[in-house]
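I opened this notebook to keep a record of what I looked up, entry by entry. I begin with charged pairs, then go on to strands and rings.

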Amino acid sequence: MKRTLLILASIAFSAATFAQDNPPKEEFKPSGKIWGYAFGDYYTKLHADSLNRGNAQYSNVPKDMNAFDLRRVYLGYDYNISEKFSTELLVSHEGQTLGDGTRTLFLKVADVRWKNIFKNTDLVVGQQPTLAFPMLTEKIWGYRSIEKTVFDMRKGAVSSDLGISLQGRFDDAGNYGYNLMVANGTGQKFETDVYKKYYGDVWAKFMGQRIILDLYGDHESVRLLPGFHKAKTSFKFFAAYQSEALTVGLEAYQQMQKAYVVVGDSITDPKADTSDATVMGVSVWVRGMIIKEKLNFFARYDMYNPDVKFDANKFYFTGGAPVTENFITAGLDYTPHKNVHIMPNIWYNGYSNRTKNAKGLTKSDNDLVARITFWYIFK
């Protein structure tokens, strides 16, 4: 009897010890958080393009105009339904107004994520950030509060779209990965045809994730008439080196626009026909630390060509934009708190006309803006 009691006591003691070393797994509790940020400026227009060309932020603002402006306000809510499922909801103001000029919001993101639907891969369904720039390029640039990336600024793709995506990694460490997406291609607007937009990218990180490489592509067709289709196909390369003190980046893209141009030898050419255009953009930038956690700097240069196939000897009925653009921004980032940024900067967009006999301000002109940008984050 004593031996039996000793054995039972030993078993009970071992079980208690094991339970202490391996406590029961804590029960999952659904949870959510509200987050957001806002950025805007006080700006003054120092110089205005004489022909009001372009469609960038200040392209049609008159000289000497000055104002306080809110360029973006985000309000988001992330909710963890279970260990396998989470959701995102984001509403945004990005300059849009009602008929009376009152600022308004729109739905930017509303998706559900099925985590690890298979190893190292999530399935996302709904209105979600696209692969074009929000998921990687924009984050590494780090100054969306100053300006969009070149692919975004020149309207190469939309920032969010309604569809389904796979977002995965090839390794457990997260050094190599891929993303695939099928969506409407209409951004935040309703779908208007049966054609879908296909997105894809592969990325890799080296040297302790200091070097980042990304190769992206997308394709979308549009049917105008029976037997007549237009299509856009984009390819983009991104490379960056990032460290605590300095980050440099390069983004370059090309977009083939099939049947987007109608061109002839003259304004009366009876043989004028559809043709293709090729858009190209290149951006190089640097940002770095001057005083740790207090003062940083940034500088960027973009080159944009709306049609590398433009021929000054032809007459373009539609498409074939003759004006190339060059963008420059530079400034300082003062951070009195990690979630509060005050950034004096300059914003410049230059225009160069490639048509024959273009002279003076028609040949070359620019928009120049001085700003104090504010950016604050709440989460």
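**Entry 1: salt bridges**

I looked up Arg 113 and found that it is buried, and that Asp 122 is buried as well; I take buried to mean under 20% relative accessible area, exposed over 50%, and partly exposed in between, with a 1.4 Å probe and protein chains only. These two residues form a salt bridge whose closest N and O atoms are 3.2 Å apart, the term standing for a side-chain nitrogen of Lys or Arg within 4 Å of a carboxyl oxygen of Asp or Glu.

I note here that the model is predicted, that local features need pLDDT of at least 70 and side-chain atom pairs pLDDT 80 or more, while totals for chains, interfaces and linings use all residues. Residues are numbered from 1 along each chain as its sequence is written, and side-chain values use heavy atoms, with hydrogens and water left out.

How many salt bridges does a search of the whole structure find? I wrote down 17. One of them joins Asp 49 to Arg 53, with 2.8 Å between the closest N and O atoms. Asp 49 counts as buried because its relative accessible area is 2%, and Arg 53 is buried too, at 11%.

I then turned to Arg 103, which forms a salt bridge with Asp 69 at 3.8 Å between the closest N and O atoms. This pair links distant parts of the chain, since Arg 103 lies in the loop between strand 3 (85-93) and strand 4 (106-118), whereas Asp 69 belongs to strand 2 (residues 66-80), 34 residues apart. With a relative accessible area of 43%, Arg 103 is partly exposed. I also recorded a network of salt bridges that links Asp 41, Arg 71 and Arg 371.

**Entry 2: strands**

For this entry I used strands as DSSP runs (E, at least two residues; helices are H or I, at least four), numbered from the N terminus, and I called two strands paired if DSSP finds at least two bridges between them.

Strand 6 (residues 160-169) runs antiparallel to strand 7 (residues 176-183), and seven bridges hold the pairing. Within it, Ser 165 stands opposite Met 181 of strand 7. The hairpin of these two strands has six residues between them, and in it Gly 174 takes a positive phi near 75°.

Strand 10 (residues 228-242) and strand 11 (residues 246-264) are antiparallel and share 12 bridges; they form a hairpin with three residues between them. Here Phe 237 has Ala 252 in strand 11 as its bridge partner.

**Entry 3: rings**

I counted rings of Phe, Tyr and Trp (its six-membered ring) as paired if their centres lie within 6.5 Å, and as stacked with planes under 30 degrees apart, edge-to-face over 60, tilted for the rest. The structure holds 19 aromatic pairs. Among them, Phe 310 and Tyr 316 are stacked, at 5.1 Å centre to centre and 20° between the planes. Phe 310 is buried at 14% relative accessible area, and so is Tyr 316 at 17%.

Last, I noted that the charged end of Lys 230 sits over the ring of Tyr 260, 3.8 Å from its centre, the rule being NZ of Lys or CZ of Arg within 6 Å of the ring centre and within 35 degrees of the ring normal.
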